[in-house]
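Keep the structure open and follow the residues as they come up.

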Amino acid sequence: MINIAIMGHGTVGSGVAELLINENGRIEDAVKSQINVKYILDLRKFDNLSYSDKFTDDFKVISDDDEIKIVVEVMGGINPAYQFVKECLLKGKSVVTSNKELVAAKGAELIDIANKNNVNFLFEASVGGGIPILRPLISCLAANEISEINGILNGTTNFILNKMIKDNMDFEDALKIAQDKGYAEKDPTADIEGHDACRKICILAALAFKKHVYPNQVETTGITDITLDDIEYADNFGFVIKLIGSAKKLASGNISASVRPTLVSKENMLSNVDGVFNAISVKGDAVGDVLFYGRGAGKMPTASAVVGDVIDCAKHLNAREYLYWNDGFDSYVETPDESTVLYVNATSDNSSELLESIISLFGEDIKMLRSSKDNSVAFLTNKDTKSKLLSKIKCIKADKIKILHTLF
């Protein structure tokens, strides 16, 4: 028998408990041993459950019990999760977590502690919910040098943008529906401002490139400024707007990393990822492009990934999964001056001056769309370096032209 504890009984934690307790026979077949949920840590009382007798509000009950071999952390946030996870690892207990914020902030340190104590620290559910992505990166794609990762990493923002694209619904109304359906929190900041996707690209980049990437190193922009005009213009140019997390290996050996609304060609598979689904594209030197697709969040998809890690830990109680990355450093993440196309949505009180200024700076051969409603224009520049394009945008602003939105 292998005794485990679950820390947290919220949406994901309750799903993990249900799977481990109600599907015990199937899990036992996979592990070749019985999995026993001995404790569930939560400050709240749950008196009407079939497993109500397992609850405790005292972390020390778990940390001091030598019979507990695996601990599942599904509390969320940094504190007290970090202190609890660290203590469990130091006491020789393997830890499984879905906590992307914890892994993105403290992953290198916790992996090192797990290594030194010959236990496992696994976090498949921290990226992509139920989509298997982290384990394939370190095992199935191990023969590849990964050069680039791009993906739709947040189901909430993808749902909102999809509503704007398909139903011509403005941002606020789409957000309200996402909240009503339980896809967005009451405070949706982490999703709509890009922080959630940022934490996930940090984890993916760390696993792929073997150095820790901290969220404050990643250029992050959310979707709150996207308008229906932007959606319509993008469509007419042959694109859709998606919130894309990206990490790329550079010739210098460092990486670039970003999260931002991006124009995605309708010919790109990511353009067809709708609703709350996630999709992650990985490019390797041997395999080429591989796409991982599925539900990126939700109670049971995420619980499924957590329990998969529990089963893996149970199979490797006396061995370690080869999962690691080293600590990073400030200059590791660069912002290269790459050649790109820029989308610009601009307006002015004087339409003729607006057009004259745009053409003089960007040339007559750019793709341009004019609004019939007001003196606004959207255009796609020709390819140039980011620095030169942004310099030209400053010149437009100097001509008393208002830039409503830009997208790379």
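Is Phe84 buried or exposed? Phe84 is buried, with a relative accessible area of 18%. Buried means under 20% relative accessible area, exposed means over 50%, and partly exposed lies in between (1.4 Å probe, protein chains only).

A word on the basis. This is a predicted model, so local features need pLDDT of at least 70 and side-chain atom pairs count only at pLDDT 80 or more, while totals for chains, interfaces and linings use all residues. Residues are numbered from 1 along each chain as its sequence is written, and side-chain values use heavy atoms, with hydrogens and water left out.

Now the rings. Rings of Phe, Tyr and Trp (its six-membered ring) pair if their centres lie within 6.5 Å; planes under 30 degrees apart count as stacked, over 60 as edge-to-face and the rest as tilted. That rule gives nine aromatic pairs. One of them joins Phe59 and Phe84, stacked at 4.0 Å centre to centre with 5 degrees between the planes. This pair links distant parts of the chain: Phe59 lies in helix 3 (residues 59-63) and Phe84 in helix 4 (residues 81-90), 25 residues apart. Helices (H or I, at least four residues) and strands (E, at least two) are DSSP runs, numbered from the N terminus. Phe59 is buried too, at 7% relative accessible area.

Phe362 and Phe379 make a tilted pair, because their centres are 5.2 Å apart and their planes stand at 55 degrees. Here helix 13 (residues 351-362) supplies Phe362 and strand 17 (residues 376-380) supplies Phe379, 17 residues apart. Phe362 is buried at 8%. Phe379 is buried at 0%. Elsewhere, Phe46, Tyr51 and Phe55 form one aromatic cluster.

Charges meet rings as well. A charge sits over a ring if NZ of Lys or CZ of Arg is within 6 Å of the ring centre and within 35 degrees of the ring normal. The charged end of Lys106 does this over Tyr82, 4.7 Å from the ring centre. Lys386 sits over Phe408 in this way, at 5.2 Å.

Last, the cysteines. How many disulfides does the structure hold? It holds zero. A disulfide is a pair of cysteine sulfur atoms within 2.5 Å. The sulfur of Cys202 has its closest cysteine sulfur in Cys198, 4.3 Å away, too far for a bond. For Cys313 the closest cysteine sulfur is in Cys88, 12 Å away, also too far. Cys202 is buried at 2%, and Cys313 is buried at 0%.
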